[in-house]
There are 2 protein chains.
Amino acid sequence: MKVGIVGATGEVGRAMIKVLEDFQIPVKELRLFASKRSVGKILIFNNTPIEVELLTEQSMKETFDFLLFSAGSTISKTFAPIAAKHGNTVIDNSSAFRMDENIPLVVPEINGYLLKNYKGIIANPNCSTIQMVLSLYKIHKEFGIDEIFVSTYQAVSGAGHKAIAEMEKQYSGKNEIAIFTKRISHNVIPLIGKLRDDGFSEEEIKMINETRKILEDSSINVYPTTVRVPVYYGHSESIVVKTKKSFRTIENIKKLIQESTNVVYSEEIITPIDVAGSDYVFISRLRKIDEKRFAFWNVADNIRVGAATNAVKILMKLAGII
Amino acid sequence: MKVGIVGATGEVGRAMIKVLEDFQIPVKELRLFASKRSVGKILIFNNTPIEVELLTEQSMKETFDFLLFSAGSTISKTFAPIAAKHGNTVIDNSSAFRMDENIPLVVPEINGYLLKNYKGIIANPNCSTIQMVLSLYKIHKEFGIDEIFVSTYQAVSGAGHKAIAEMEKQYSGKNEIAIFTKRISHNVIPLIGKLRDDGFSEEEIKMINETRKILEDSSINVYPTTVRVPVYYGHSESIVVKTKKSFRTIENIKKLIQESTNVVYSEEIITPIDVAGSDYVFISRLRKIDEKRFAFWNVADNIRVGAATNAVKILMKLAGII
């Protein structure tokens with residue numbers, strides 16, 4: 001299998017290399033692409049050093065089995081269509097194509113069937129959305145979801161490794177602010193992405209639209225507030241769900257969560273530091289409000305579950321490995 | 001005016017001294033009480049050193065104009081009734097008496113009328129509740145609140161200065177865990193107070209019950225998730241409200257917030273580090289979902305607005321200063 005990673009030196013790009021190794025994907029040739037700044041860097045894949053190449057139009061015209069993109073929307077908009085036009089399958093982690101009605105937005109455990117005989121660009125959903133829908137899709141199927149109230153506690157790694165470096169500098173006493181709009185050390189910032197005229201942030205709109213597209217139900221009402229917290233890895237979500245049908249007892253919800261693929265139900269409280277490096281979504285603090293409402297706490301590694309692992313699972317599904 | 005502070009060396013006790021100074025309360029004699037461990041410590045009030053005394057039954061039998069308690073429920077349950085029995089007015093920051101139907105639970109801006117001609121024990125509400133009801137009471141009066149979905153981002157100072165010390169040790173590399181159940185540095189913990197059998201935490205139950213008692217409406221549904229974050233001072237709350245009557249435009253909500261006493265409406269995003277030391281509740285990210293639902297971000301200094309300042313305002317109301 002010949003695989004290329006575009007944006008290979010970023011937080012998600014590096015995690016993609018690691019996940020390809022961890023899942024023992026039979027990659028014969030791995031090519032790593034990045035911007036000028038990173039050309040010549042050496043990254044290790046299966047104990048083999050690989051030199052990072054410059055991303056060019058020409059390189060995207062070569063034949064690959066799979067190209068994994070994670071270099072932001074602008075790069076994806078420019079280079080993914082070139083790669084696709086030349087017969088390549090692109091799994092794109094940016095928001096560039098997610099809401100394009102001709103592009104599947106895939107969480108393999110939920111709507112992997114969309115990948116059957118598909119060629120071209122596939123969109124990898126937003127990190128906060130992936131971990132939420134993974135825990136809710138069986139519940140939606142059984143009881144129908146009417147409303148989702150979600151407040152997020154999102155790790156700094158979601159903004160890239162420059163953001164991590166900024167947080168670390170702040171903790172070591174340097175009050176430098178560049179990536180975030182305010183200090184993130186010993187603070188929380190209730191804005192991810194740009195603020196829109198309607199008062200919602202871009203991240204919140206992603207959660208609304210992508211949840212509906214992945215669960216294939218535009219009647220689901222999602223009410224998100226997305227917040228950055230000074231955590232390295234692991235997004236947390238405080239979620240209250242209102243179902244259409246009565247679920248009667250919380251045991252019925254618990255059972256559906258336990259039956260969900262790659263979701264772990266826990267009676268013990270799970271925090272972000274507990275999940276870093278894991279490929280599972282962890283649910284704790286599940287509780288009943290009434291027969292149509294329940295609340296829970298949802299934690300997952302944002303770089304793996306929320307990006308790299310989902311992208312590699314799409315690759316595996318397309319390749320017939322899963 | 002003769003005032004006593006019980007639990008004077010704690011986070012809230014020290015803030016009470018500071019607020020008495022800041023608000024220029026005409027205190028002629030200030031007595032500071034604490035446990036054995038803190039006896040002999042010197043605290044400064046209006047440039048005068050005051051030695052901390054041992055809290056005893058005998059000391060509570062003296063005559064005070066006001067006694068401010070902030071030494072936990074057990075101390076309050078033991079000593080506040082003795083003080084009250086001897087004619088003293090006690091303003092108690094613990095949860096000991098808050099849900100006692102004979103005890104007023106007061107946020108002066110909202111239900112200060114309860115203090116008229118009152119003598120005995122007055123309960124100071126929970127920090128997370130105070131800042132939430134301060135921003136919502138006018139909206140409740142105008143449109144009626146049906147549902148409040150709230151997820152909190154609560155500062156470590158809410159757990160006392162031992163908790164602050166624990167967080168600081170963790171940030172300096174010592175992985176000592178004693179106050180919190182997990183590491184709080186670079187982490188968030190979705191549990192405040194004990195976990196109950198019904199899956200709710202004690203802090204969440206306080207928010208439900210106290211909101212109803214203060215707003216004098218048991219039909220209000222509060223759905224809280226309370227979470228500790230590695231912030232020194234300043235609780236944040238992500239809140240979605242559903243009203244009974246249509247508010248039509250978000251301008252109508254904004255106007256009511258702007259008219260609320262000690263609440264500041266901001267178009268700019270406000271974070272905990274912006275509010276430390278302030279006596280106001282700050283509202284930002286206000287946005288309309290539909291004509292009966294809106295969302296906002298609510299931040300206030302948990303030690304001042306959420307405890308010391310509210311207690312001193314109760315004193316001021318009782319003393320006829322406000």
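View 1. You are looking at a predicted model, in which local features need pLDDT of at least 70 and side-chain atom pairs count only at pLDDT 80 or more, while totals for chains, interfaces and linings use all residues. Residues are numbered from 1 along each chain as its sequence is written, and chains are lettered from A and ligands numbered from 1 in the order in which they are written. The C-alpha trace of chain A spans about 60 × 55 × 40 Å along its principal axes. Buried residues account for 55% of the 322 in this chain (buried: 20 or more other C-beta atoms within 10 Å of the residue's own, again placed from the backbone).

**View 2. The two domains of chain A.** The assignment, which is automatic or from a database, gives domain 1 (2–125 + 307–319) and domain 2 (128–302). Their centres, taken over C-alpha atoms, are 24 Å apart. Domain 1 brings 14 residues to the contact and domain 2 brings 17. On the domain 1 side, helices H4 (108–111) and H10 (304–318) of chain A each give two or more residues; helices are DSSP runs of H or I with at least four residues, strands are E runs of at least two, and both are numbered from the N terminus.

**View 3. Where chain A meets chain B.** This contact takes 36 residues from chain A and 37 residues from chain B. Among the elements of chain A giving two or more residues are strand E9 (145–153), helix H9 (272–275) and strand E13 (281–290). E13(A) supplies the largest share of the chain A side, four residues.

**View 4. The open sheet of chain B.** Six strands with parallel pairing follow the order E5-E2-E1-E6-E7-E8 in chain B, where pairing requires at least two DSSP bridges between two strands. At the edges sit strand E5 (53–54) and strand E8 (121–123) of chain B, each pairing on one side only. Further in, strands E1 (residues 2–6) and E6 (residues 66–69) of chain B run parallel over four bridges, and B:Val6 has B:Phe69 as its bridge partner in E6(B).

Conventions: Two residues are in contact if their C-beta atoms, placed from the backbone, lie within 7 Å. A residue is buried if 20 or more other C-beta atoms lie within 10 Å of its own, exposed if 12 or fewer, and partly exposed in between; C-beta atoms are placed from the backbone.
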